[in-house]
Amino acid sequence: MEMEAQGQRYRHKRVVLVPCPFQGHITPMLQLGTILYSKGFSITVIHTHFNSPNTSTHPEFKFHSIPDGLSHDDILSGNAVAIITLLNFNCRATFHECLVQMMKQHHPRDEIVCVIYDEFMYFSEAAANRLKLQSIILRTSSATTQISREVLLKLIKEGYTPLRDPRLQDPVSGLYPLRFKDLPIAKSGMSENYLRLITDTHNVRKSSAVIWNTMNCIEQSSLAQVQQECQVPIFPIGPLHKFAPSSSSSLLKEDTSCISWLNNQAPNSVIYISLGSIASMDKKELEEMAWGLVNSKQPFLWVIRPGSTTNAPQGIELLPEGIKEAVGKNGCIVKWAPQKEVLAHVAVGGFWSHCGWNSTLESIGEGVPMICRPNFGDQTVNARYVSQIWMIGLVLENELERGEVEKAVRKTNGREGRRRDEAESQVFKRKG
């Protein structure tokens, strides 16, 4: 009854959400929308043509698409930093016009009370401010990543140019346990666009608050440091997926047949492998992974996303000859999986991940130990914390080799592996 009363009270208060058009950003934004809707707010999502969210999975929301000005070549480049930079230039006017039209057309009782925008879609704040609308930032990476980016900018200012070099093992002063090689460098490197982007994302401008998809129990010290330096309140309300478990925002079609396969496996026996929606690997890495998994004799569910391997649109066609026969019934290979459902499945005992923040939170939330293979950006920060602070996983840092893969899988998921309940209790005992 209390929820119904709250719903009636706020149903005509509208919140506008502006997600960044990449999977790791769309997911938490729509999860936040689901939570706000459950509290009685009406939700409108203003999104780009590029990577438009699937509107059918959220029929309770209104969706408005705005022109983004991206060319085919821009999208084909796969350069996320360049794309986000262009969006912040191209979408200023169209977003403002969209808000103006919404304010004209809506019933007076259906007023826009707030614009919540992804930290990378900061063009939104200027339009909200001009129209005297309150704005709030949603940060979709960890608080530690934010601090790491600030240190990175400081190092650049002092004349140091960090590189993605595996030999940079030296610790970063004041950032334990991070090393120089763990700093959040973009996939495209230390370009001017990247440095400008992380500078702009840290500026709260005239936004009134920051919502963070993280939690005090794992990032207490980092959040305290950020709040000390931030002039507006921050609200760590994560993990968002735990409060909006029924929502789906996948840009790729999920293959739910893998759940039936998991149903036939023993508890805590399966290693789940998914390296995210952007990362890619070459043929040699794929082969070493494949034979390492087969040789481990551990059941595995492996996501090989279309476009996840170079020179192979579907990815799966690069699997070495004989691998499918060797896998037999011991493995299941799909193009995309319903990850939250997979990680919650009793059969899953380990997660080989790229360590994006959503995947890391989902793994922590289900108490699943991790094998970390970070690629770029905040993934290196997250992986280091998984292995050195929260102690719930290990990192594969060197060139992939089937013997090392086999050893890591056995250690995580075999007799030496940590049980799910032990991994879950371990991380919540620690303070970030």
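# A Tour by Question

Visitor: Which residues line the largest cavity?

Guide: The lining of the largest cavity consists of Pro19, Pro21, Ile26, His47, Thr48, Phe50, Asn51 and Pro53. This is a predicted model, in which local features need pLDDT of at least 70 and side-chain atom pairs count only at pLDDT 80 or more, while totals for chains, interfaces and linings use all residues. Residues are numbered from 1 along each chain as its sequence is written, and side-chain values use heavy atoms, with hydrogens and water left out.

Visitor: What makes a space a cavity?

Guide: On a 1 Å grid over the protein atoms alone, a cavity is a set of points where a 1.4 Å probe fits but cannot get out, and a lining residue has an atom within 4 Å of a point. Grid points are joined across faces, edges and corners, and the volume is the space filled by probe spheres set on the points. A search of the whole structure finds one cavity of 30 Å³ or more, and the volume of the largest cavity is about 30 Å³. Rolling a probe the size of a water molecule over the atoms shows where empty space is left.

Visitor: How many residues of this lining are nonpolar, polar or charged?

Guide: Five are nonpolar, three are polar and none is charged. Ala, Val, Leu, Ile, Met, Phe, Trp, Tyr, Cys and Pro count as nonpolar, Asp, Glu, Lys and Arg as charged, and the others, Gly among them, as polar.

Visitor: Why does serine 250 count as buried?

Guide: Buried means under 20% relative accessible area, exposed means over 50%, and partly exposed lies in between (1.4 Å probe, protein chains only). The relative accessibility of serine 250 is 15%, so serine 250 counts as buried. Across the protein, buried residues make up 55% of the 432 residues.

Visitor: Where is serine 250 found, and which residues does serine 250 touch?

Guide: Serine 250 is in the loop between α10 (240-243) and α11 (257-263); helices (H or I, at least four residues) and strands (E, at least two) are DSSP runs numbered from the N terminus. Not counting residues up to four places away in sequence, serine 250 touches Gln23 and Trp336, where contact means heavy atoms within 4.5 Å.

Visitor: How do you know that the side chains of serine 250 and tryptophan 336 make a polar contact?

Guide: A polar contact is a pair of N or O atoms within 3.5 Å; within protein, one must be able to donate a hydrogen and the other to accept it, and residues adjacent in sequence count only if both atoms are side-chain atoms. The contact between these two side chains is 2.9 Å, so the distance meets that limit. A polar atom of the serine 250 side chain also lies 2.6 Å from the backbone oxygen of leucine 252.

Visitor: What makes a set of residues a nonpolar core?

Guide: Such a core is a set of buried Ala, Val, Leu, Ile, Met, Phe, Trp, Tyr and Cys residues joined through side-chain atoms within 4.5 Å. In soluble globular proteins, nonpolar side chains tend to be buried together. In the largest core here, with 83 residues, the members touching the most others are Phe95, Leu99, Leu262, Tyr272, Leu301, Val342 and Trp390. Helix α7 (residues 143-157) gives the most to this core, with five residues. A second, separate core has 23 residues, including Met289, Val294, Trp302 and Leu400.

Visitor: Which residues is leucine 262 in contact with, leaving aside its neighbours within four places in sequence?

Guide: Leucine 262 is in contact with Val270, Leu301, Val342, His345, Ala347 and Val348.

Visitor: Why does phenylalanine 180 count as buried?

Guide: The relative accessibility of phenylalanine 180 is 17%, so phenylalanine 180 counts as buried. Phenylalanine 180 lies in the loop between α7 and α8 (192-201). Proline 177 is found in the loop between α7 and α8, and a cis peptide bond, with omega about 5 degrees, joins tyrosine 176 and proline 177.

Visitor: Why does arginine 205 count as partly exposed, and why does cysteine 355 count as buried?

Guide: Arginine 205 has 25% relative accessibility, so arginine 205 counts as partly exposed. Cysteine 355 has 0%, so cysteine 355 counts as buried. Phi of arginine 205 is positive, near 50 degrees, and phi of cysteine 355 is positive, about 70 degrees. Arginine 205 is in the loop between α8 and β6 (209-212), and cysteine 355 is in the loop between β11 (348-353) and α15 (357-366).

Conventions: On a 1 Å grid over the protein atoms alone, a cavity is a set of points where a 1.4 Å probe fits but cannot get out, and a pocket is an open set with protein on both sides within 12 Å along at least five of seven lines; lining residues have an atom within 4 Å of a point.
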